[in-house]
Amino acid sequence: RLYAGGFTNTAANGDALMYSDDDGVTWISLITKTGRNRQITQGIDSFGSLYFLIEDGFHTELWVVNNTIITQIYRWDNLTSPFIGTWNGNVYIQGLAGDGTLRYYKWNGASLRVIFEEKATDQVLATSRMIQWRENLYSFGLVYDGVITFPSYNFKTGSNNQLPFAVDRK
């Protein structure tokens, strides 16, 4: 199945979500209007279901499409710079809360829980996309091995010092 989300030509309508089962010859609409200024920003496949994020300013929502049934899983009222990924059968969402706290969430298909939370103060976060490499999950300069989260790197280019996560530089 091929999914496509996109702009509906008016900010008042938001984005649309469609799918095709014949390589894009015909398209069937799942969501015609997400709502005013709401955008489908990221999506991933996990065991045949589409998980996607809808963003609206500081609001972020996690949704799932299973066949043609669309369900909202959760809404964060103050989550910015979110990333979504899948690893070891779970869906992961990472982002910055309004108070500057970096949070990792894990959705296992039944419950959503916080697996990492750290105040990001006085630093520059590495804002790379979430990737899987060598049996670990990497994002925001951190490594998650399925049990704990730890720094993955610290590099310096010129006067720019990028730190892996919340380190007090004072």
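Arg 75 has a relative accessibility of 31% and therefore counts as partly exposed, a class that lies between buried (under 20% relative accessible area) and exposed (over 50%), computed with a 1.4 Å probe on protein chains only. The model is predicted, so local features need pLDDT of at least 70 and side-chain atom pairs count only at pLDDT 80 or more, while totals for chains, interfaces and linings use all residues. Residues are numbered from 1 along each chain as its sequence is written, and side-chain values use heavy atoms, with hydrogens and water left out.

The side chain of Arg 75 meets that of Glu 61 in a salt bridge, 2.6 Å from N to O. Arg 75 lies in strand 7 (residues 69–76) and Glu 61 in strand 6, so this pair ties together parts that are 14 residues apart in sequence. A salt bridge is a side-chain nitrogen of Lys or Arg within 4 Å of a carboxyl oxygen of Asp or Glu. Strands are DSSP runs of E with at least two residues, numbered from the N terminus.

Glu 61 counts as buried because its relative accessibility is 4%. Glu 61 also forms a salt bridge with Arg 38, with the closest N and O atoms 2.8 Å apart. This second pair links distant parts of the chain, 23 residues apart: Arg 38 is in the loop between strand 3 (28–31) and strand 4 (39–46), and Glu 61 is in strand 6 (residues 59–66). Both Arg 38 and Glu 61 are buried.

Elsewhere, Arg 103 and Glu 117 form a salt bridge, their closest N and O atoms being 2.6 Å apart. Arg 103 belongs to strand 10 (residues 101–107) and Glu 117 to strand 11 (residues 112–119), so the pair ties together parts 14 residues apart in sequence. Salt bridges with shared partners join Arg 38, Glu 61, Arg 75 and Asp 77 into one network.

The whole structure also holds 8 aromatic pairs. The ring centres of Tyr 74 and Trp 76 are 4.9 Å apart and the planes stand at 65°, so this pair is edge-to-face. Rings of Phe, Tyr and Trp (its six-membered ring) pair if their centres lie within 6.5 Å; planes under 30 degrees apart count as stacked, over 60 as edge-to-face and the rest as tilted. Trp 76 is buried, with a relative accessible area of 5%. For Trp 76 and Tyr 105, the centres are 5.1 Å apart and the planes are at 55°, so the pair is tilted. Tyr 74, Trp 76 and Tyr 105 form one aromatic cluster.

Note on methods. Helix = DSSP H or I, 4+ residues; strand = E, 2+ residues; numbered from the N terminus.
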